[in-house]
Amino acid sequence: MGNSNIHFQLSFIEPQAHYVEVKMIIDGIDQDYLDLKMPVWTPGSYLIREFAKNIEQVKAEDAQGNEIVIHKTNKNTWRLNSKGAQVKISYRVYSFERSVRTNLVDDQHAFISPAGTFLYVDGYLDHSSTVQVELPSIWTKISTGLELVEGKVNLFFAENFDILFDSPLEIGNQDVWTFNAAGIPHEFAMVGTAVYDKDRLAADITKIVEVETDIWGSNPNDRYVFITHNYQNSHGGLEHLNSTVLAASRSSYISNIGYNNFLSLVAHEYFHLWNVKRLRPANLGPFNYEEENYTPLLWIFEGFTAYYDNLITRRCGFRNEQEYLNELVSEFNMVLNRPGHKIQSVGLSSFDTWIKQYRPDENSANVSISYYNKGAMLATMIDISIIAKTQGKKRLDDVLKAAYNKFYLIENRGVTEKEFLDLAEEVSGISLKEIFDAVYTTEEIDYNAYFNAIGFQFIDINRETVTPSLGIKVSHQDTRTIIKNVDRNSAAWVDGLNVDDEIIAVNGNRLDPQGRELDQAIAISKVGDPINILVSRDGLIREITVHLKASDKVSYVIERNPNRTEEQSALGDLWLSL
Ligand SMILES: [Zn+2]
C-alpha cells in the first residue's frame with residue numbers, strides 16, 4: 001500500500017437538523033477506479049440496517065479541484081472513475097435514530113456510530129485511517145475508544161477499519177469522569193440529564209471490572225470507555241473492543257432495582273470485551289460488512305454473557321442470593337412460557353437472528369425463543385453440572401478462561417462450535433453431551449435434576465392449580481381493547497380470535513376502557529366453559545364463542561432444597577459465593 005493514506009473529517013454545520021458532514025481524503029491509492037462502500041450492518045446487532053439510506057450529496061474531486069464522476073453500482077457502493085494521487089469525497093449523513101447502534105445528532109450532542117458514518121475503500125479494510133473532529137463552539141468533549149494522535153487536537157487514529165467501525169464517538173458536553181480498575185484507566189461519559197452518584201458508580205463498576213478480569217485471567221485493554229445515554233425509558237447496550245454504548249432510563253440510578261439492572265447491563269457489555277469481541281465465533285470477525293454473517297453460536301456468546309451478567313452482580317455482592325435466583329429463574333420462565341420453545345431450538349434461534357430476533361412480530365412468541373434466555377439456561381446447566389461432577393474443583397469460569405487463552409491469546413482466530421464444546425469437556429473432565437445435544441432440539445432437559453445435584457430445587461408453583469385461560473394478550477388503546485398476541489394452541493387460537501380484533505363485549509357486557517369485564521368473565525368461569533366475545537374485525541362485527549382451556553403458564557422458582565445433603569449444600573454455596 002506504500003504511502004497511501006485515508007483521512008476523515010467530521011463537522012457539524014446543522015446539528016439541530018440532525019446532520020453530520022463527512023470529508024474523506026484518500027491519498028496514494030492509484031487504481032482505475034475506487035469503490036467506496038458503506039456497511040449494511042454493525043457488529044453486535046444482527047440486522048441489515050442499510051445505513052447507506054442516510055447518506056446524501058456524495059461528491060468527489062481530485063487534487064486540482066476537478067469534479068470526479070460517481071456512479072452508484074448498488075445500494076451501498078459509490079464507484080469513482082479516478083486515477084491520481086488524491087481523491088476528496090464529501091457527503092452528509094442524516095442522523096436521527098435513537099439507539100445504541102445508530103447515529104443521533106441534535107442541538108445537544110452527536111453520537112456517531114461509525115459503521116453508519118464512515119465509507120471504506122473496497123479492498124482496503126485493513127488500511128489505517130485518521131479522524132479529525134471539528135468541534136462546534138458549543139461542544140467541548142469527545143469520548144471514544146479511538147486512540148488520540150499524540151500532540152494533536154481531536155485527531156484520532158484507527159489501525160484498520162474493523163477498529164474504526166468498532167469505536168463509536170460521543171461528542172458534546174457529557175459528564176466525564178475517570179477511574180482505575182484492574183490497573184486500567186476507565187472513562188465514564190454520562191450523556192443527558194439524570195441523577196446519579198459518580199463515586200458509587202465508579203466503585204461498583206470497579207468491582208465488576210475486577211471480578212470479570214479475574215474470570216478471564218487478564219484484561220487486554222490499555223483503556224476503556226463507557227458511553228451512557230439517558231432517556232425517559234430505555235435499557236440496552238452494544239459491545240465494542242474497548243468501549244461500550246449503554247442506554248438507560250434517567251431514573252435508573254434512583255431505585256435499588258433500577259440501579260442493579262443498570263449494573264447487570266454494565267457487567268453484560270463489559271463481559272463481551274472477551275466473550276464475542278475476542279473469543280469469537282468463526283464467522284464473526286473478520287466481518288463481512290455487506291451481508292448477514294451467520295453463526296449458530298450466539299447461544300454461547302450472548303447466552304453465556306446473559307448468564308454471567310446477573311451472576312456477576314451476585315459475586316460483587318450487589319444482589320443477595322434470593323434476588324439473584326429470582327433474576328435467574330426469570331430466564332427459565334420467559335422461555336418455558338413462550339409457545340415457540342417447542343418450535344425453535346436455541347441453535348436455530350442464533351442462526352436466524354437476522355430475520356427473527358431483531359424483527360419480532362405478533363407471532364414471534366409462537367415460533368421462536370431468544371438465544372439470550374435459552375443460552376443463559378444452558379450456561380447455568382453447564383456451570384452447575386461441572387461444579388457438581390468435579391466436587392467444586394472446576395466450573396464454567398475455567399472453560400472460558402481456557403478458551404480465551406487458546407483461541408484468542410495463542411491462536412487469535414474464531415472458534416467453531418465443536419472446538420468450543422470439545423474444549424469444555426477437556427477442561428472440565430466431564431461429559432456435557434446431554435446439554436450440548438439440547439442446543440439443536442426443542443426437548444427440555446431435566447433442569448430440576450441438575451439443580452438437585454448442588455442442593456437446589458426447580459419447581460413450578462403453578463403445577464397444582466388449574467386456571468381457565470383465553471390465551472391472548474391485549475392492549476388498551478384509547479377506550480378500545482385490542483388483541484396483540486394469540487398463544488399457539490390456546491382457547492383463542494383454537495376458536496379463532498385474531499390479532500388486531502377489537503373486543504367490544506364479553507357475554508353481553510360491554511368492556512370498560514380497561515377491559516375489566518374480560519378478566520372478570522374469565523375469573524368466574526371454569527375450564528371448558530364457553531364465553532361469547534363480540535369483536536370488531538376490520539370494521540365488521542362478529543360474535544365468537546370461545547371454550548376456555550386450562551392455562552399452561554408455568555411459574556418456576558429456584559430455591560434451596562430442604563432435603564439437600566451437606567455436600568450438596570457446600571457445592572450450592574460455592575456456585576453463588578461472593
Ligand atoms: Zn450481549
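Reply: Happy to! Leaving aside residues up to four places away in sequence, isoleucine 215 touches Asp397, Leu400 and Lys401 (contact: C-beta atoms, placed from the backbone, within 7 Å). This is a predicted model, where local features need pLDDT of at least 70 and side-chain atom pairs count only at pLDDT 80 or more, while totals for chains, interfaces and linings use all residues. Numbering runs from 1 along each chain as its sequence is written.

Isoleucine 215 and leucine 400 are separated by 185 residues in sequence, yet their C-alpha atoms are 7.8 Å apart in space. Isoleucine 215 sits in helix H2 (residues 198-216); helices (DSSP H or I, at least four residues) and strands (E, at least two) are numbered from the N terminus. Isoleucine 215 counts as buried because 20 other C-beta atoms lie within 10 Å (20 or more is buried, 12 or fewer exposed, in between partly exposed).

Moving on to another helix, H5 covers residues 303-315. All 13 of its 13 residues are buried. Its 13 residues should span 18 Å at 1.5 Å a residue, and the end C-alpha atoms are 18 Å apart, so the two agree; the expected span takes 1.5 Å times one less than the number of residues. After H5 comes glycine 317, with a positive phi near 85°.

H5 also packs on helix H9 (residues 371-389), with the axes 6 Å apart and at an angle of about 70°. The two helices are therefore roughly perpendicular (65 to 115 degrees). From H5, Gly303, Phe304, Ala306 and Tyr307 take part, and their partners in H9 include Tyr371, Tyr372, Leu378 and Thr380. By class, this contact has eight nonpolar residues, three polar and one charged; Asp, Glu, Lys and Arg count as charged, Ala, Val, Leu, Ile, Met, Phe, Trp, Tyr, Cys and Pro as nonpolar, and the others, Gly among them, as polar.

Finally, the wider layout. The chain is divided into domain 1 (5-171), domain 2 (175-259), domain 3 (299-459 + 565-575) and domain 4 (468-550), with bounds from an automatic or database assignment. Between the C-alpha centres of domain 1 and domain 2 there are 27 Å. Their contact draws 16 residues from domain 1 and 19 residues from domain 2. On the domain 1 side, strand E12 (residues 141-144) gives the largest share, three residues. That side is made up of four nonpolar, seven polar and five charged residues.

Notes:
Contact = placed C-beta atoms within 7 Å. Axes fitted to C-alpha atoms, helices over the stretch in contact; angles between N-to-C directions. Parallel < 35°, antiparallel > 145°, perpendicular 65-115°, else oblique.
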